[in-house]
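Me: I'm new to this one and would like to go through it bit by bit. Can I put a few questions to you?
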Amino acid sequence: MDKFTTLTGVAAPLPIINIDTDMIIPKQYLKTIKRTGLGTALFSEMRYHEDGSENPDFVLNKPAYRNAQIIIAGDNFGCGSSREHAPWALLDFGIRCVISTSFADIFYNNCFKNGILPLVVTPEQLKLLLDDAERGSNATLTVDLEAQTIKGPDGGTLNFDIDPSRKQILLEGLDDIAGTLKSDPSISAFEGKMAAERPWL
């Protein structure tokens, strides 16, 4: 998993509340178990017309936001089903950070497992970030995970909170297995002790 330290990228405004995982990646794309190739289907029902042509009004189809790496979203992002394909699609498109006032728990956890930083901010902070994101190609934010700050295009800085253990997972680029393996010496020592004390197990 790629490390997340500092991200500087264009932020796309998506001020819609209750964006569920079916909106992020519709059910017809769930047949694959590969984590790649889903970026073209991200938000497909909003990005494309029924004939397959692009909807020019959707934010990620606008020239300024085609290479966005950050999404500024409305409340309760990632609600609905628990499909891990949702963060897969975001990551495959190039999104490394989603900022909202709240996230569905399972989606929130899945983001950390896939190298995406989901940031929870206050409604007041979200309004400021949405205003910044409306600037198009000038809507560049810098998210510094180590410092726990978001810097806007005018240099203004917002602070955010994050669980220290989740922060460390992203800083080191650890998935669940790699995180467990960090404790391998302790696990091996415990298993050796148990084998000596209880050889019948």
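Me: Which residues of α6 do Tyr108, Asn109 and Phe112 in α4 meet?
Reply: This is a predicted model, where local features need pLDDT of at least 70, side-chain atom pairs count only at pLDDT 80 or more, and totals for chains, interfaces and linings use all residues. Residues are numbered from 1 along each chain as its sequence is written, and side-chain values use heavy atoms, with hydrogens and water left out. Helices here are DSSP runs of H or I, at least four residues, and strands are E runs of at least two, numbered from the N terminus. The α6 partners of those three are Arg166, Ile169 and Leu170.

Me: At what angle do the axes of α4 and α6 cross?
Reply: Axes are lines fitted to C-alpha atoms, for helices over the stretch in contact (heavy atoms within 4.5 Å), and angles run from 0 to 180 degrees between N-to-C directions. For α4 (residues 105-113) and α6 (residues 164-172), the axes come within 9 Å and cross at roughly 35 degrees.

Me: Is arginine 96 buried or exposed?
Reply: Look in the loop between α3 (85-93) and β3 (97-100). Leaving aside neighbours within four places in sequence, arginine 96 touches residues including Phe4, Leu7 and Leu91. Buried means under 20% relative accessible area, exposed over 50%, partly exposed in between (1.4 Å probe, protein chains only). Arginine 96 has 16%, so the word is buried.

Me: Which residue in β2 does alanine 11 stand opposite?
Reply: Strands pair if DSSP finds at least two bridges between them. Here β1 (residues 6-14) and β2 (residues 70-73) pair in the parallel sense over four bridges. Opposite alanine 11 stands isoleucine 70.
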